[in-house]
Amino acid sequence: MQKRKITIKSGREEIQMEVTEEEYQKFYRPWWQQKKKEQRNREAMEAQGYRTESYEEWKENDMRTEFFSESLEEMMEKKAMLEVLKEALDSLMPEERELAEKVFGEEMSICEYARQKGENRRTLALHKNKVLDKLRDFFVQHGFDI
């Protein structure tokens, strides 16, 4: 497995570590993209005559706005979906619920789950599809367009 050497800086501290390509893509790259976006914003503001201090103040206000931008309707819809998901999981058989929690919730691969359970991968893949269909039907019955 190919590893990548990355450098993480925090204040005066600097740490170098090796990560897999998957770890890099999942965690480090989005962070780096955000830093580049901030740098471009800062440069654009400085080109228009703003000082670094005003950029930091703007960034703080922008982050606050982004944090609270989710409307009450969106929050209520998410809450409703979570409640339906809980009901949907409660409607499953115990072995179906375990499969859903491991494969969908914990993002465990079917191969890994099959090894853990000592069962056939293809059989569990079929079960996974059936569970997914049950969950999808449950959401549709409760008015969600999936």
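**Salt bridges and a nonpolar core**

E96 is buried, its relative accessible area being 15%; the term buried stands for under 20% relative accessible area, exposed for over 50%, and partly exposed for what lies in between (1.4 Å probe, protein chains only). The structure is a predicted model, in which local features need pLDDT of at least 70 and side-chain atom pairs count only at pLDDT 80 or more, whereas totals for chains, interfaces and linings use all residues. Residues are numbered from 1 along each chain as its sequence is written, and side-chain values rest on heavy atoms, with hydrogens and water left out.

The partner of E96 is K134, and the closest N and O atoms of this salt bridge are 2.7 Å apart. A salt bridge here is a side-chain nitrogen of Lys or Arg within 4 Å of a carboxyl oxygen of Asp or Glu. The bridge joins distant parts of the chain, since K134 belongs to helix α6 (residues 121-141) and E96 to helix α4 (residues 94-105), 38 residues apart. Helices (H or I, at least four residues) and strands (E, at least two) are DSSP runs, numbered from the N terminus. In contrast to buried E96, K134 is partly exposed, at 40% relative accessibility.

K117 forms a salt bridge with E98, with 3.3 Å between the closest N and O atoms. This pair also links distant parts of the chain: K117 lies in helix α5 (residues 110-117) and E98 in helix α4, 19 residues apart. Both are partly exposed, K117 at 34% and E98 at 27%.

Within helix α4, E101 and R97 stand four residues apart, about one turn of the helix. Their closest N and O atoms are 2.8 Å apart, and the two form a salt bridge. E101 is partly exposed at 36%, as is R97 at 27%. These two also belong to a network of salt bridges that includes K86 and D90. The count of salt bridges comes to seven.

Attention now turns to the nonpolar residues. A nonpolar core is a set of buried Ala, Val, Leu, Ile, Met, Phe, Trp, Tyr and Cys residues joined through side-chain atoms within 4.5 Å. The largest such core has 17 residues, of which L92, L99, Y113, L124, V131 and L135 touch the most other members. Helices α3 (72-91), α4, α5 and α6 each contribute at least two residues to this core, and the largest share, five residues, is from α6. Leaving aside residues up to four places away in sequence, L135 touches A88, L89, L92 and F104, where contact means heavy atoms within 4.5 Å. In soluble globular proteins, nonpolar side chains tend to be buried together.
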